[in-house]
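Here is a walk through a protein model for someone meeting it for the first time. Have a look at the picture, and then we'll go through it piece by piece.

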Amino acid sequence: MPEEYRLILKHADAPGYSNDLECYVKHGGYKALKKALKLKKKKIEGKETVTPQEWIREEVKSSGLRGRGGAGFSCGLKWSFVDRRSGKPIYLICNADESEPGTFKDRQIIYKDPHQLIESMVISAYANDVNLAYIYIRGEFVEGAKILEKALAEARKANYLGKDILGSGYKLDIHVHRGAGAYICGEETGLIESLEGKRAYPRIKPPYFPAVVGLYMCPTIVNNVETLCAVKHIIADGSEAFAKLGTPNNTGTRIVSLSGHVKKPGYYEVEVGKVTIGDLIFHKNFGGGLHEGRELKAIIPGGSSAKVFRAGEKFKLKSKDKKGKLIKKEVDLLNIPYDFDSLMQAGSMSGSGAIIVMDDSTDIVEALSNIAEFYAHESCGQCTPCREGSLWMSKALHRMTHGDGRRADADYLLHIAQNIQGRTICAFGEACAWPVLSFVNKFKDEFEARSAEDEKRKAREVLS
Ligand SMILES: Cc1cc2nc3c(=O)[nH]c(=O)nc-3n(C[C@H](O)[C@H](O)[C@H](O)COP(=O)(O)O)c2cc1C
Ligand code: SF4
């Protein structure tokens with residue numbers, strides 16, 4: 001039976017569990033940090049003797065942990081890119097901006113279990129020779145910032161942070177930095193600019209890969225809240241135990257934010273790839289199905305920038321079993337395992353882990369117009385295709401939803417979106433183009449019918 005597997009949210013909703021240090025320690029908190037700080041030089045199979053820091057980094061790499069912020073990039077690999085020879089300080093930034101529409105998972109950790117994030121950050125910072133780290137939290141999370149400040153003060157007092165953490169000689173402090181509430185502040189290089197006190201204009205890569213030239217032009221690691229929280233469990237239980245959760249290449253758990261037309265919207269932590277999209281929407285342990293009398297129309301599987309799926313779509317997927325044998329199968333939409341690789345093969349992505357469900361009461365043009373308006377508002381404006389294109393798409397869709405559709409609109413929207421993707425400084429270009437490309441291509445009949453209807457009505461009005 002498909003069910004939740006709570007690793008990161010294990011305690012968060014337990015009766016009586018509070019977000020203070022005493023409660024966290026009572027439930028085994030900071031044991032993983034103690035373990036990490038007591039590690040001695042070790043020999044890894046087939047390798048030379050490594051330092052405790054190298055060992056932790058190796059554990060994170062072999063756990064298969066992939067980023068939970070959007071791109072699903074290997075966390076261990078990202079850490080391995082950090083320029084450790086520059087002699088410059090290395091920074092760690094926790095991305096708590098959580099701005100992707102539909103996403104509400106990181107805030108659960110921050111509100112209910114902030115010490116888990118702090119412990120994980122101290123271990124991650126220790127592993128990467130970081131002495132100063134930041135939690136960049138979006139401006140609207142006023143309460144979240146207060147909770148983190150309180151938890152950090154508790155951690156400092158208890159010597160989990162400071163100049164000589166638990167007598168190990170290791171020094172670290174973590175600061176909370178509140179953003180001012182712009183979506184682009186979640187993009188890692190925009191975030192870095194904002195943290196430096198400037199407007200959140202994303203930087204061009206290359207050369208500004210944060211691992212080499214990040215905060216204050218120093219090597220910097222930017223990781224999502226949920227990604228960082230997994231590190232504590234990898235060190236506490238071992239990389240093998242973590243890798244046993246989930247499926248090959250899609251290890252561990254994911255907190256899925258489920259919203260839209262389901263009976264039980266909410267957040268659900270599951271083993272990656274062990275449940276399907278259909279399970280998450282229809283099973284009683286998750287969304288519990290659609291409202292009475294309704295049928296499924298569309299699903300956005302990974303936050304509003306992920307490409308939409310139309311109900312009834314079928315896909316050819318390839319995967320590998322535990323022995324590495326290639327398996328090919330045709331699956332319908334509801335049978336796609338909820339993991340990074342399957343969703344990518346199906347032409348979309350698991351992104352920020354946010355599923356938005358739309359039933360047959362949804363006006364698909366309205367839905368896209370709503371999304372496009374958001375992106376037009378949030379473009380930082382540096383790149384012409386993104387700045388102008390996002391606005392043109394939003395204006396055309398606004399016109400369509402106000403009775404002034406034109407026959408050429410569907411192709412016009414596709415043309416603009418095609419000219420944004422791949423031509424911008426940051427991935428916001430794709431984030432605003434993909435919804436348009438997928439909605440229009442998959443529901444072209446609805447877009448065209450609506451415009452044709454408008455044109456007929458306007459012609460009648462002219463004649464009358
Ligand atoms: C427009 C845009 C917005 C983003 N917003 C967020 C966000 O709110 N939170 C987040 O963790 N990552 C966000 N990302 C991804 C980050 O740039 C970065 O890849 C991520 O924080 C890395 O963490 P991870 O490797 O742990 O996933 C965004 C990316 C783009 C292009
Ligand atoms: S793609 Fe858009 S958001 Fe990103 S830098 Fe260019 S204008 Fe700004």
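Which helix lies across E3, strand E4 and E5? That is helix H6 (residues 114-127), and H6 runs at about 155° to E3. Angles here run from 0 to 180 degrees between N-to-C directions, and axes are lines fitted to C-alpha atoms, for helices over the stretch in contact. Helices (H or I, at least four residues) and strands (E, at least two) are DSSP runs, numbered from the N terminus.

A word on the ground rules: this is a predicted model, in which local features need pLDDT of at least 70, side-chain atom pairs count only at pLDDT 80 or more, and totals for chains, interfaces and linings use all residues. Residues are numbered from 1 along each chain as its sequence is written, while chains are lettered from A and ligands numbered from 1 in the order in which they are written.

**The domains**

The protein chain splits into domain 1 (21-244), domain 2 (248-359) and domain 3 (364-463), with bounds that come from an automatic or database domain assignment. Taken over C-alpha atoms, the centres of domain 1 and domain 3 are 38 Å apart. Their contact uses 11 residues from domain 1 and eight from domain 3 (two residues are in contact if their C-beta atoms, placed from the backbone, lie within 7 Å). On the domain 1 side, the touching residues are eight nonpolar, two polar and one charged. For these classes, Ala, Val, Leu, Ile, Met, Phe, Trp, Tyr, Cys and Pro count as nonpolar, Asp, Glu, Lys and Arg as charged, and the others, Gly among them, as polar.

**A parallel sheet**

E5-E4-E3-E6 is the order of an open sheet of four strands with parallel pairing, where two strands pair if DSSP finds at least two bridges between them. Strand E5 (173-178) and E6 are at the edges with a single partner strand each, so one side of each has no neighbour in the sheet. From one strand to the next, the twist averages 20°. E3 and E6 run parallel and are joined by five bridges, and Ile93 sits opposite Val222 in E6. Another helix, H9 (residues 225-237), lies across E3 and E6, at about 95° to E6.

The loops have some details of their own. Glu98, in the loop between strand E3 (90-96) and helix H5 (106-112), has a positive phi of about 35° although it is not a glycine. In the loop between helix H8 (188-195) and E6 you'll find Pro206 and Pro207. A cis peptide bond joins Lys205 to Pro206, with omega about -10°, and the bond from Pro206 to Pro207 is cis as well, with omega near 10°.

**A mixed sheet and a hairpin**

There is also an open sheet of five strands, ordered E10-E9-E15-E11-E12, and its pairing is mixed. Its edges are strand E10 (266-271) and strand E12 (309-310), each with a single partner strand, so one side of each is left without a neighbour. Strand E9 (residues 253-260) runs parallel to strand E15 (residues 354-359), with four bridges between them. Gly260 is opposite Val357 in E15.

E13 and E14 make a hairpin with five residues between them, and Gly324 in the turn has a positive phi of about 90°.

| Strand pair | Direction | Bridges |
|---|---|---|
| E3 and E6 | parallel | five |
| E9 and E15 | parallel | four |
| E13 (314-320) and E14 (326-332) | antiparallel | seven |

**Two packed helices**

The axes of helix H13 (residues 364-378) and H14 come within 8 Å and cross at roughly 150°. Nine nonpolar, four polar and one charged residues make up this contact. Among those that meet are Val365 and Leu368 in H13, and Leu391 and Met393 in H14.

**Around the ligands**

Ligand 1 is surrounded by 25 residues, the closest being Gly67, Gly69, Gly186, Asn224 and Thr227 (near means that the C-beta atom, placed from the backbone, lies within 6 Å). E6 gives the most to this shell, with three residues. Domain 1 and domain 3 each supply at least three residues. By class, the shell has nine nonpolar, nine polar and seven charged residues.

Ligand 2 has 14 residues around it, and Cys380, Cys383, Cys386, Thr424 and Phe428 are the closest. Helix H14 (384-400) and helix H16 (428-442) each give two or more residues to this shell.
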